[in-house]
Amino acid sequence: MNEASYEAAKKLLSAPTYVQQGRDARRTHEKHIQMLLQQRKLPDDGWSDERIQLLLQELAMMDSNNFSGNVGLGEREARIASKLVARRHYGLGHGVGRSGDIAEVQPKAAGSSLIVKLTNSMVLDLLHRSGVRSTESCILLPMATGMALVMCMLNLRTQRPLARYVIWQRIDQKSCFKSMLTAGFEPIVVENILVGDELRTDTEEIEKKITDLGSEAILCVMTTTSCFAPRGFDDVPAVAKLCAKYNVPHIVNNAYGLQSSKCHYLLEEAKRVGRVDAFVQSTDKNFLVPVGGSVVAAFDSSFITALSQTYPGRASGAPVLDVFITLLSLGWSGYHDLCQKRKMNYKYLREKLVEVAQENGEQVLETPGNNISIGCTLTTPEGMGGVDWKEFGSMLFLRSVSGVRVVQSGSEKRIGSHVFKNWGSHSNIYPQTYFTAAAALGLEREEIDEFIHRLRKVFKKFHNRLKQPPEVIRMAAKEETSEVIKMAAKEETSEVIKMAAKEETSEVIKMAAKEETSEVIKMAAK
């Protein structure tokens with residue numbers, strides 16, 4: 001309501017001070033909204049849901065589809081058939097950008113355009129406060145990290161029409177590699193160097209590739225910060241020096257690096273000593289929103305301007321709206337607290353993993369260059385070959401432990417025409433099988449405690465399976481019947497089979513009992 005409305009309301013009540021109290025309460029909200037529009041900074045403290053909803057309602061009313069009496073004759077008028085969908089998006093249906101520029105203001109959607117501008121401004125402010133102070137510009141794209149990397153490479157292609165290659169320090173994450181193929185370039189894979197347990201950047205080999213291929217033939221060098229152990233964060237400053245020396249663009253995959261102060265330092269230092277054209281980060285990993293967005297940031301605003309004009313057509317506003325609401329809800333203090341908690345959780349998770357590793361004759365991998373992901377060895381007992389450690393990961397997953405990655409030495413992966421040896425370990429020569437767990441943003445200490453509890457149980461159960469007597473296996477194969485399983489039910493045979501029946505985990509045993517075929521029994525024995 002405006003001032004005239006409040007004055008009219010006072011006349012309706014016998015106690016005008018009640019109306020004035022309500023007016024003062026609303027003015028508090030309006031003051032914060034005014035500061036946001038004027039300063040375009042991330043609020044120090046998070047907003048209440050009521051204040052955020054008030055702002056969203058005000059902004060939505062500025063879009064033409066919400067005008068009273070609006071008549072829309074265009075082919076796209078933000079008409080939404082489902083009221084449920086309309087409520088989900090707060091009536092914002094025009095998306096972001098225009099056909100020639102994803103950052104351009106929409107005439108029909110002043111409210112949506114303001115959300116885009118404010119979101120990009122708040123993310124830029126967050127980057128500055130986090131430590132990447134030299135960042136000049138950023139843009140939130142409605143696509144995940146892999147496709148955002150594609151957009152960055154397509155943007156560079158207009159500047160380097162003769163380029164064919166992307167020099168890529170190996171990281172075994174499919175979307176990174178496929179982004180280069182999708183953009184139409186040939187990846188030049190540089191293997192990591194093994195130093196102790198940790199895999200590190202081979203800057204000498206990167207320089208050799210640049211000189212062998214020639215600078216003009218190279219679109220960019222792509223490095224990575226945040227990644228799965230035992231790979232450490234790339235030496236981004238050293239690569240930035242090489243890129244400046246040979247005048248080659250440099251793109252950094254900073255997928256979940258915004259939550260790490262070490263990644264902030266690497267980016268800022270790389271800008272100081274060399275060349276970084278852009279760095280890309282995921283919105284879901286760094287801002288705890290649904291999957292579907294990424295932030296491309298640059299130390300030169302001209303890169304973001306050109307990138308915006310490369311994007312074809314309009315785009316969904318949903319990822320932008322998610323980040324807009326989340327940043328207002330958290331504020332700087334809320335986000336900073338999440339990052340500090342993540343640091344403490346990393347130390348706590350590592351301490352607990354060391355305890356479990358020692359109990360089971362394993363060791364936690366020493367990877368000082370990675371302060372997010374932790375690796376722990378999985379050792380096959382001496383004299384026993386052919387252990388499928390992938391089953392260890394499956395057992396954790398069946399116990400509702402997600403995100404743990406088991407990497408077994410010797411596996412291969414084909415992506416396009418490229419074959420990677422030891423896929424998952426970031427190296428052709430990594431000598432050990434291991435699993436990884438990450439202390440990522442949003443993880444709670446209670447989750448760590450429960451994970452450690454379930455991990456201990458899985459280690460015990462898996463080791464007991466490895467001790468299964470060979471005579472039980474021979475019996476099942478020789479008799480080719482389900483008698484062994486029936487005997488197990490009567491507690492007359494192998495403790496391993498009894499455990500399987502008790503734990504209700506062995507689907508193979510159930511199949512054997514039902515099908516009564518020797519093939520199933522052989523599977524159970526295996």
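Me: Which residues of helix 1 are buried?
Reply: An α-helix has 3.6 residues a turn, so residues three or four places apart point the same way. In helix 1 (residues 3–12), the buried residues are Tyr 6, Ala 9 and Lys 10. Buried means under 20% relative accessible area, exposed over 50% and partly exposed in between, with a 1.4 Å probe and protein chains only. Helices are DSSP runs of H or I with at least four residues, strands are E runs of at least two, and both are numbered from the N terminus. This is a predicted model, where local features need pLDDT of at least 70, side-chain atom pairs count only at pLDDT 80 or more, and totals for chains, interfaces and linings use all residues. Residues are numbered from 1 along each chain as its sequence is written, and side-chain values use heavy atoms, leaving out hydrogens and water.

Me: What covers the buried residues of helix 1?
Reply: Helix 2 (16–39) is included in that cover. The face turned away from the buried side carries the exposed residues Ala 4, Lys 11 and Leu 12.

Me: How do I describe two packed helices?
Reply: Two packed helices are described by the angle between their axes and the distance between the axes. Here the axes of helix 6 (residues 145–157) and helix 12 (residues 301–310) come within 9 Å and cross at roughly 100°. Axes are lines fitted to C-alpha atoms, for helices over the stretch in contact (heavy atoms within 4.5 Å), and angles run from 0 to 180 degrees between N-to-C directions.

Me: Is Ser 260 buried or exposed?
Reply: Ser 260 counts as buried, because its relative accessibility is 0%. Ser 260 sits in the loop between strand 7 (250–253) and helix 10 (261–273).
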